[in-house]
Amino acid sequence: MSSPALPVTHFLNIPLTSGNAPDAARAFRAAVLSSPWAAGCGIDAEMFVEPGHLHLSLGSLKLYSNERRRRATQAVDEVGAAVRAILSEDIGGGGQIMAGIQGLQGSAKAGSGVASHSSATASSAPPGQSQGAVAGANSKTDAVYVLVEELGLTAEVGGGNKGRLVRVCQAVADIFGGAGLLHESGGGGAMTLRATLIDPGLRSTTFVARSGADIFDARRVLAEHAGLDCGTGSLEALHLSTFGEFDVNLGGYFRCLAQCPLHL
């Protein structure tokens with residue numbers, strides 16, 4: 001059962017909770033909320049992802065039957081086999097994937113007439129900010145992300161250990177997509193790897209399509225925190241998690257239906 005009217009129940013993700021990332025995200029949230037301009041930009045505490053829930057999202061699923069959950073668990077096992085093959089191709093690159101979590105990116109609201117904060121030119125500055133300081137940002141943003149990049153490797157996806165994180169994400173999309181389980185993928189197009197920090201949709205307790213009101217002015221955030229550095233960490237596992245359910249045994253992270261290691 002995967003009717004468009006039904007909300008997603010599960011999502012594929014890589015936790016970003018090792019190293020300094022949660023503490024850096026917590027400090028970022030405190031800095032933004034304590035600023036004199038937060039309220040004027042439409043930013044409040046409910047819009048921030050809980051620092052202990054920071055993750056790289058790879059796709060969402062609607063698993064309303066035992067059969068679909070069984071198939072999804074089986075697909076996680078297939079991803080595990082693909083990960084082992086990718087990491088084994090060049091053991092000289094290390095048997096684990098290390099990532100840097102640094103740099104902010106905004107996402108423009110669909111239909112706003114701008115592609116992203118990196119390509120748009122702001123028409124007016126937010127409160128207390130000059131026009132020149134926010135060039136490249138816009139006032140209709142529906143999310144702010146921190147970028148995730150594999151460390152020690154070139155940007156190309158090729159042989160050896162190059163682009164292993166991208167290849168793992170592509171394997172997830174291929175395997176779950178081929179099984180007819182993906183509702184939507186977090187890695188479409190050029191597969192920008194990023195983790196959500198601010199999302200007005202978090203104000204709602206249900207996972208529904210965002211309304212036109214779910215936008216905010218992110219120009220000041222992007223201007224003052226563009227170089228946000230959440231440190232580095234090892235990517236330990238791919239999780240198939242349940243939306244809205246949390247596990248104290250995972251430090252309050254999303255409840256896990258199945259997982260596979262991202263290391264040898």
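**Figure 1. Ser 234 is a buried residue, with a relative accessible area of 14%.** Buried here means under 20% relative accessible area, with over 50% called exposed and the range in between partly exposed (1.4 Å probe, protein chains only). The model is predicted, so local features are given at pLDDT of at least 70 and side-chain atom pairs at pLDDT 80 or more, while totals for chains, interfaces and linings use all residues. Residues are numbered from 1 along each chain as its sequence is written, and side-chain values rest on heavy atoms, with hydrogens and water left out. Ser 234 belongs to strand S7, residues 229–235. Strands (E, at least two residues) and helices (H or I, at least four) are DSSP runs numbered from the N terminus.

**Figure 2. The surroundings of Ser 234 include Ser 18, Gln 96, Ile 97 and Met 98.** The C-alpha atom of Leu 16, 218 residues away along the chain, is 8.2 Å from that of Ser 234. The side chain of Ser 234 also makes a polar contact of 2.3 Å with the side chain of Glu 236. Such a contact is a pair of N or O atoms within 3.5 Å; within protein, one must be able to donate a hydrogen and the other to accept it, and residues adjacent in sequence count only if both atoms are side-chain atoms.

**Figure 3. Five aromatic pairs are found in the whole structure, and one of them joins Phe 11 to Phe 243.** Rings of Phe, Tyr and Trp (its six-membered ring) pair if their centres lie within 6.5 Å; planes under 30 degrees apart are stacked, over 60 edge-to-face and the rest tilted. Phe 11 and Phe 243 are stacked, at 4.6 Å centre to centre and 15° between the planes. Phe 11 lies in strand S1 (residues 10–15) and Phe 243 in strand S8 (residues 237–247), 232 residues apart.

**Figure 4. Phe 11 also pairs with Phe 254, edge-to-face.** The ring centres are 5.0 Å apart and the planes stand at 90°. Phe 254 is in strand S9 (residues 253–261), 243 residues from Phe 11. Both residues are buried; for Phe 11 the relative accessible area is 2%. Ring pairs link Phe 11, Phe 243, Phe 246, Tyr 253 and Phe 254 into a cluster.

Notes. Contact = heavy atoms within 4.5 Å. Lists of a residue's contacts leave out its neighbours within four places in sequence.
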